[in-house]
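Here is a short report on one protein model. Keep the sequence and the 3D view open as you read.

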Amino acid sequence: MENTKLQKETDYRFKLLYAIGIILVVNGHCSGGGVNILRDLFEPYSYHLVLFIFSSGYFYKCKNEKTPFKYCLKKIKTLLVPLYIWNFVYGLIVFLLSFKGFEIGNKVNLSSLFIEPITTGHQFMYNLGGWFVVPLFMIEVFNVFIRKLLFFVKENIKDFVIFAIFLILGTIGIRLSLKGLNTGWYLPVMRFIHLLPFYALGTLYKTKLEKYDNLPNFIYFIIIITLQIFVICICREVPFYISCWCHFFNNAKIVFIEGFLGIFFWFRICRILEPVLGKSKTLNSIADNTFSIMINHLMGFMIIKTIFALCYKYLGFFSLFDYEAYKTEVYYIYKFANLHQTQIFYVIFAIWFSIMVQKLIDLIKSRAANAFSRKKDS
């Protein structure tokens with residue numbers, strides 16, 4: 001999620017994993033994006049976000065435990081500050097659009113500007129992907145302090161102990177959510193708690209498990225797919241849950257099994273594709289701008305819909321376009337010729353738009369820094 005180098009020597013496996021994860025997120029907000037990406041086997045909502053959590057855990061560095069407060073300040077700067085800046089931007093957009101009859105997003109007030117980015121993340125709707133930032137921040141901070149407190153645990157078993165603790169906490173979080181403690185201020189806590197095991201798995205995989213991950217691809221995928229089909233048979237359907245609102249199955253184990261299987265399925269895919277696609281400029285650009293894509297892709301959808309709306313209103317084209325839904329429902333997607341496959345153009349444009357937004361911001365920052373430097377030198 002953060003636009004930083006993953007490590008000194010780029011690990012292109014994770015570049016691909018980030019790209020896949022964010023594409024699945026955008027697809028999910030576009031009713032599948034016109035493409036069925038193995039949804040008959042794996043439901044993306046059950047694993048796409050945990051790909052990011054797993055990756056963050058993988059790249060955690062133990063040296064952060066020496067200066068945990070400095071580490072927390074860094075996370076505030078890279079995660080929370082951009083989140084709130086974008087929230088103010090989208091608050092302004094919602095406020096201005098309200099004069100044109102748009103009813104998407106809450107009213108701009110102190111709660112929607114400062115409180116709701118933590119409690120729901122859906123205050124202005126266009127930036128609702130930002131809900132994920134707060135639990136990610138909480139996980140990062142919680143992890144570093146737990147590891148600091150467990151200084152007495154031997155290093156060779158520490159990651160196993162933390163994984164076990166996080167798994168227990170995650171299970172508790174899911175069970176509390178099932179009892180109704182997934183609203184108000186409980187919601188961000190439950191979001192953060194149930195995602196903890198996926199972060200710990202990333203760290204554990206790097207330090208202990210990765211060296212054993214060497215099964216031949218055919219056998220590996222047979223095992224993963226067999227396990228998934230077994231789960232489907234138990235559930236009588238492809239398991240589905242929504243991390244955002246902490247709506248889960250009645251069985252906490254299924255939540256974690258689905259997440260773990262999704263992670264290991266796609267990570268092996270990335271390992272296979274890395275020699276061919278690892279240095280793809282397009283995929284790396286997507287991977288490097290996941291934060292902007294997460295925040296801005298729904299506005300990308302809105303731009304496409306606005307073009308349809310203008311053609312509908314002033315030219316009489318696209319008679320099936322729902323102008324009222326365009327102004328009131330953020331998830332409304334007009335399907336050209338009523339074909340769901342055309343939604344893929346929304347996905348492509350939204351990702352491109354979000355990347356261009358970040359590039360523009362980077363350009364402005366660069367020019368501002370150069371101007372400041374020249375002024376200082378003079």
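Which residues does G91 touch, not counting residues up to four places away in sequence? They are V108 and F124. Contact here means heavy atoms within 4.5 Å.

Some ground rules come next. This is a predicted model, in which local features need pLDDT of at least 70 and side-chain atom pairs count only at pLDDT 80 or more, while totals for chains, interfaces and linings use all residues. Residues are numbered from 1 along each chain as its sequence is written, and side-chain values use heavy atoms, with hydrogens and water left out.

G91 is found in helix 3. Helices are DSSP runs of H or I with at least four residues, numbered from the N terminus. G91 is buried because its relative accessible area is 3%. Buried means under 20% relative accessible area, tested with a 1.4 Å probe on protein chains only. V108 is 17 residues from G91 in sequence, and their C-alpha atoms are 6.0 Å apart.

T119 lies in helix 4. T119 is buried, with a relative accessible area of 9%. Leaving aside neighbours within four places in sequence, T119 is in contact with G184, W185, L187, P188 and R191.

F14 belongs to helix 1. F14 counts as buried, because its relative accessibility is 0%.

| Pair | Apart in sequence | C-alpha to C-alpha |
|---|---|---|
| G91 and V108 | 17 residues | 6.0 Å |
| T119 and V189 | 70 residues | 9.0 Å |
| F14 and C270 | 256 residues | 7.5 Å |

N143 sits in helix 5, residues 133-149. N143 counts as buried because its relative accessibility is 1%. Which residues does N143 touch, not counting residues up to four places away in sequence? They are Y60, I162, F166 and Y199.

Helix 10 runs over residues 281-288, and its buried residues are N284, S285, I286 and A287. What covers them includes helix 1 (12-28), helix 11 (290-315) and helix 13 (344-377).

Now turn to helix 13. Its buried residues are Y346, V347, A350, I351, F353, S354, I355, V357 and Q358. Their cover includes helix 1, helix 3 (68-98), helix 10 and helix 11.

An α-helix has 3.6 residues a turn, so residues three or four places apart point the same way. How far apart are the end C-alpha atoms of helix 13? They are 50 Å apart, which agrees with the span of 50 Å that its 34 residues should have at 1.5 Å a residue. The expected span is 1.5 Å times one less than the number of residues.

**Cysteines**

A disulfide is a covalent bond between the sulfur atoms of two cysteines. The rule used here asks for a pair of cysteine sulfur atoms within 2.5 Å. By this rule the count is zero disulfides. C30 is in no disulfide, and the nearest cysteine sulfur, that of C244, is 17 Å away. C30 is buried, with a relative accessible area of 0%.

C244 is buried, with a relative accessible area of 9%. C246 counts as buried too, at 1% relative accessibility.

**Positive phi angles**

C246 lies in the loop between helix 8 (217-235) and helix 9 (252-277). C246 is not a glycine, although it has a positive phi of about 55°. M125 is found in the loop between helix 4 (110-119) and helix 5. Phi of M125 is near 65°, a positive value in a residue other than glycine.

**The cavity**

Rolling a probe the size of a water molecule over the atoms shows where empty space is left. A cavity is a set of points, on a 1 Å grid over the protein atoms alone, where a 1.4 Å probe fits but cannot get out; lining residues have an atom within 4 Å of a point. Grid points are joined across faces, edges and corners, and a volume is the space filled by probe spheres set on the points.

How many cavities of 30 Å³ or more does a search of the whole structure find? The search finds one. The largest cavity holds about 70 Å³ of space. Its lining includes L24, N27, G28, R39 and E43. Helix 1 gives the most to this lining, with three residues.

Terms used: Buried < 20%, exposed > 50% of the residue type's maximum accessible area, 1.4 Å probe, protein only. Helix = DSSP H or I, 4+ residues; strand = E, 2+ residues; numbered from the N terminus. 1 Å grid on protein atoms, 1.4 Å probe; cavity = no way out; pocket = protein on both sides within 12 Å on 5 of 7 lines; lining within 4 Å.
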